[in-house]
Amino acid sequence: RAPVCPLRLKFKLWRGRGEATEERMPSKRKATGRKNNALDLKKREKHQAFLKDFDIEVERRKREMEKELNSLLITVDANYSRAIMKLPLAVRQMNYLEYLALGGSAEAVAEVEQKRINAASLEVEDIESEILK
């Protein structure tokens, strides 16, 4: 049996027929939740503000990385163009399969081109000698 306190009001529990069964102390009141709701609302607002700030920071860093990537791509493209310009004209004008067929190095291509130049100069000399005769 629950203790009965003379300082508190006594409540009677009723059965469905209207009879009083026993007297008990009222149960302790629970918090209404208003305070908890206010705290939850503040937490939720802080959480939303944090997420919004986080999204803004992610976008800022994403733009920064894209700028850096574009800068790197421009640098790589410029270095590639400079490297291509350093190659002999004959190497620049041939495709990759021809380049590999000639040995796959600029020196090998230079030797082949020198042989072609020598052969062409011999042909020119032969033509000049025929013209002079």
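**Surface patches and burial in a predicted chain**

Residues are numbered from 1 along each chain as its sequence is written, and side-chain values use heavy atoms, without hydrogens and water.

Me: Why does L51 count as partly exposed?
Reply: L51 has 33% relative accessibility and therefore counts as partly exposed, since buried means under 20% relative accessible area, exposed over 50%, and partly exposed in between (1.4 Å probe, protein chains only). L51 belongs to helix α1, residues 34-86.

Me: Why does E130 count as exposed?
Reply: The relative accessibility of E130 is 61%, and the limit for exposed is over 50%; E130 therefore counts as exposed. E130 is located in helix α4, residues 106-132.

Me: Which residues gather with E130 in a patch of negative charge on the surface?
Reply: E123, E125, D126 and E128 gather there with E130. Patches consist of residues with over 30% relative accessible area and no salt bridge, like charges being joined within 9 Å and nonpolar side chains (Val, Leu, Ile, Met, Phe, Trp, Tyr) within 5 Å. A salt bridge is a side-chain nitrogen of Lys or Arg within 4 Å of a carboxyl oxygen of Asp or Glu.

Me: What percentage of the protein chain counts as buried?
Reply: Of its 133 residues, 6% count as buried.

Methods
Predicted model: local features only at pLDDT ≥ 70, side-chain atom pairs only at ≥ 80, totals over all residues. Areas by Shrake-Rupley, 256 points an atom, 1.4 Å probe, with all protein chains shown as cover. Lys, Arg positive; Asp, Glu negative; His and termini not counted. Charge placed at Lys NZ, Arg CZ, Asp CG, Glu CD. Helix = DSSP H or I, 4+ residues; strand = E, 2+ residues; numbered from the N terminus.
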